[in-house]
Amino acid sequence: MNPEHEFLSERFTAARPRLHAVAHRMLGSAAEAGEALDEAWLRLSLAGENGLDTWLTTLVGRVCLDRLHGRRGSTRPERAPGRHTAAADSVGLALLMVLETLEADEGLAFVLHDVFALGFGKIGEVLGRTPAEASALAAGARRRLRGGARGGIDGQL
């Protein structure tokens with residue numbers, strides 16, 4: 001194993017519990033979260049070590065969003081019957097509906113801050129913006145979701 005690959009492997013292993021928690025909360029399934037992390041590792045091993053922490057968080061979030069988009073309109077059979085699977089699918093669908101209501105950067109700022117408690121400094125890094133801009137994006141998302149900018153989701157938030 002070359003030194004760069006070994007470094008990436010060690011960093012990914014260290015970040016894995018946090019990344020798994022993010023993926024599990026987004027997908028509602030530990031098995032799917034594990035699959036998302038496996039895919040993230042494959043992509044990371046091709047990308048190298050630049051911006052690793054930000055890249056990992058962004059990547060896992062995007063892999064999860066891809067999976068949520070794949071669920072929409074899917075006729076896939078339930079992986080495991082029961083209330084937990086149905087609840088996870090409902091949460092995933094609700095999150096997808098929220099994200100489709102918002103602009104991409106706005107939605108990512110909102111989810112990373114309000115769902116995953118990531119600070120605006122880190123969110124700004126992910127989005128290539130300042131912390132103040134990241135904060136403004138999340139605030140705008142909240143207003144839109146509450147119906148303050150017309151088009152909120154049933155005025156529920």
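Helices here are DSSP runs of H or I with at least four residues, and strands are E runs of at least two, numbered from the N terminus. By that rule, helix α5 covers residues 104-115, and A117, which follows α5, has a positive phi near 55°. The model is predicted: local features need pLDDT of at least 70, side-chain atom pairs count only at pLDDT 80 or more, and totals for chains, interfaces and linings use all residues. Residues are numbered from 1 along each chain as its sequence is written, and side-chain values use heavy atoms, with hydrogens and water left out.

**Helix α5**
- The 12 residues of α5 reach 16 Å from first C-alpha to last, close to the expected 16 Å (1.5 Å times one less than the number of residues).
- Buried residues in α5 are E106, G107, L108, A109, F110, V111 and L112 (buried: under 20% relative accessible area; exposed: over 50%; partly exposed: in between; 1.4 Å probe, protein chains only).

**Nonpolar core**
- The largest nonpolar core holds 38 residues, and M26, V60, C64, F110, L112 and I123 have the most contacts inside it (a core is a set of buried Ala, Val, Leu, Ile, Met, Phe, Trp, Tyr and Cys residues joined through side-chain atoms within 4.5 Å).
- Two or more residues each come from α1 (3-27), α2 (30-47), α3 (52-71), α4 (83-101), α5, α6 (120-127) and α7.
- The most are given by α1, with eight residues.

**Packing of α6 and α7**
- The axes of α6 and α7 come within 7 Å and cross at roughly 95° (axes are lines fitted to C-alpha atoms, for helices over the stretch in contact, with angles from 0 to 180 degrees between N-to-C directions).
- That angle makes α6 roughly perpendicular to α7 (65 to 115 degrees; under 35 is roughly parallel, over 145 roughly antiparallel, the rest oblique).
- On the α6 side the contact is made by F120, G121, I123, G124 and L127, and on the α7 side by P131, A134, S135, L137, A138 and R142 (contact: heavy atoms within 4.5 Å).
- These residues divide into seven nonpolar, three polar and one charged (Ala, Val, Leu, Ile, Met, Phe, Trp, Tyr, Cys and Pro are nonpolar; Asp, Glu, Lys and Arg charged; the others, Gly among them, polar).

**R142**
- R142 sits in helix α7, residues 131-145, and counts as buried because its relative accessibility is 19%.
- Leaving aside neighbours within four places in sequence, R142 is in contact with F110, H113, D114 and F120.

**E35**
- E35 lies in helix α2 and is partly exposed, at 42% relative accessible area.
- The C-alpha atoms of E35 and C64 are separated by 9.8 Å, with the two residues 29 apart along the chain.
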